[in-house]
Amino acid sequence: MTDRFDISAVVDASPRTVSSPHPSRLDDLPRLARDPAFHGMTATQFLGAFNDNLFKQLVLLICLDLGGAARGGFLQMVAQGLFAIAFVLFSGFAGFLSDLTSKRTIVVLAKVAEIAIMLLGMGALFLGAVEPAWMLPGLLAVLFLMGTQSAFFGPSKYGILPEMFRGRDLPRVNGMVQMTTFAAIIFGTALAGYAKEWFQADLWVVSAMCVGIAVLGTATSLWVRKTPVAHTGLRFRLSSLAINAQTWNMLRSDRPLFGVLLISAVFWFVGGVMLPAVNEFGRFQLHVGDGRTSLLASCMGVGIAIGCAVAGKASHERVSFRLVHLGAWGMVATLAAMAGLGLAPLSVAALEWLARLDLMLAGFFAGLFVVPLQVFMQARPPEDQKGRMIGAMNLINWIGIVLAAGFFGLCTWAFGEQAALARAGVDAPVSWTFAVLALVLLPVALFYHPREESLE
């Protein structure tokens, strides 16, 4: 007997099997390597994630330029918050639409909308070159529209996977989708810093590249397999704008699913703080340029991509919560190490290389952590609830990211260059933010131990 509180009490003691819809139809599908729909979906979400991260990182770096050490963190917080608010406002309704309409239709329409939004982004940057005062408001408006487009894309992107693939293939599918998503984050984030340096006087050229990528992503979305409507005749209610009563009832009656949803929100809260924290660490603590700062963030993406691929392979047709446990402890350790780097009496070059290695390891453990959670939330709900479940997941995750924007603002105030502690003569490096994130994840590592579940 133990007196330690175990959060896994929210998880059913009895093991379950999570099955996919229409097993007879799905059993006739080709192997993943020969399935055009798999490659089409993978390419579509890769290109979309690349565009999002290229443009968003470009805007965040512009915020640092405009705000400097005093206000750069605040402007980053505003930009991150606007992007996240769109998910909070629209994820619930997007989940409702994805069950009412074929998810493939929404995927294609969302990619067409991405072309229009990237054109607006190009216009904002071009206008900013003529009238600098208009640049930031225009870019922030485009960020909000990007978040809106992604909010509608997300439930269909993830909800369509159990409709297109066998349940036993979902860990590998999610591992590949997550791996390529974070590979897109790597390349998009890294390219943003270098592209900003290359095209400093003509930043609209970067957005023109984004338009071309959106066009290519729209073309690959046409390869996605057509899927039937999940819930014909689903009626709209006011609660469909958030989490409807049927989905709430499902979550209340399924404690493991509700527990995974909450843990996922904690993960994305931490992720929402990490990117701006790494940006500030590079620019204001290491004092390196945009390219090398973006490279730091990209190292984290490299680790996540590898971790996602390993998690998909290691799951063995199961939802492996052991990987979640290992990932949680790994993130706690690597975040604590990042905080320690801020106090290490080393040269900038040595600190930069150690930070790259540590962030890569942090990303690796994050990949192990997130894939089983994602698979569980796709496979567990009934077939006619999957889209709304993903909508609920996006809503809760992005509430976490909105809170993360405010939390990062507090950390900037506490640990930034203009912090009260610094004015009092006390050293409070930006890297202390990573120590706070390690403490946020520590209860998850200590107390979250759900049971393994098999997939059919």
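**Cavities and core of a predicted model**

Trainee: How many nonpolar, polar and charged residues does the lining of the largest cavity have?

Mentor: Please keep in mind that the model is predicted. Sorted by class, the lining of the largest cavity has 5 charged residues, 18 polar ones and 22 nonpolar ones. The answer is therefore 22 nonpolar, 18 polar and 5 charged, with Gly counted among the polar residues.

Trainee: Which helix gives the most to the lining of the largest cavity?

Mentor: The largest cavity holds about 1000 Å³ of space. Its lining comprises 45 residues, and N53, F182, I185, W268 and W398 are the ones nearest the centre. Of this lining, 9 residues come from the helix that spans residues 36–100, namely α2.

Trainee: What is the volume of the second largest cavity?

Mentor: The structure holds 4 cavities of 30 Å³ or more. For the second largest cavity, the volume is about 50 Å³.

Trainee: Which helix supplies the largest share of the lining of the second largest cavity?

Mentor: This lining has 10 residues, with G92, A242, I243, N244 and R388 closest to the centre of the cavity. At least two residues come from each of α2 and α13, the latter covering 386–415. The largest share is 3 residues, and the helix that supplies them is α13.

Trainee: Which residues have the most contacts inside the largest nonpolar core?

Mentor: In soluble globular proteins, nonpolar side chains tend to be buried together. In this chain of 456 residues, 59% are buried. The largest nonpolar core has 124 residues, and those with the most contacts inside it are F55, L161, M274, F369 and F434.

Trainee: Which residues of α7 are buried?

Mentor: Helix α7 runs through residues 204–221 and reaches 26 Å from its first C-alpha to its last, close to the 26 Å expected. A residue counts as buried when its relative accessible area is under 20%. In α7 the buried residues are V206, S207, C210, V211, I213, A214, G217, T218, T220 and S221.

How values were computed: Residues are numbered from 1 along each chain as its sequence is written. This is a predicted model: local features need pLDDT of at least 70, side-chain atom pairs count only at pLDDT 80 or more; totals for chains, interfaces and linings use all residues. Side-chain values use heavy atoms; hydrogens and water are left out. On a 1 Å grid over the protein atoms alone, a cavity is a set of points where a 1.4 Å probe fits but cannot get out, and a pocket is an open set with protein on both sides within 12 Å along at least five of seven lines; lining residues have an atom within 4 Å of a point. Grid points are joined across faces, edges and corners, and a volume is the space filled by probe spheres set on the points. Helices (H or I, at least four residues) and strands (E, at least two) are DSSP runs, numbered from the N terminus. A nonpolar core is a set of buried Ala, Val, Leu, Ile, Met, Phe, Trp, Tyr and Cys residues joined through side-chain atoms within 4.5 Å. Buried means under 20% relative accessible area, exposed over 50%, partly exposed in between (1.4 Å probe, protein chains only). The expected span of a helix is 1.5 Å times one less than its number of residues.
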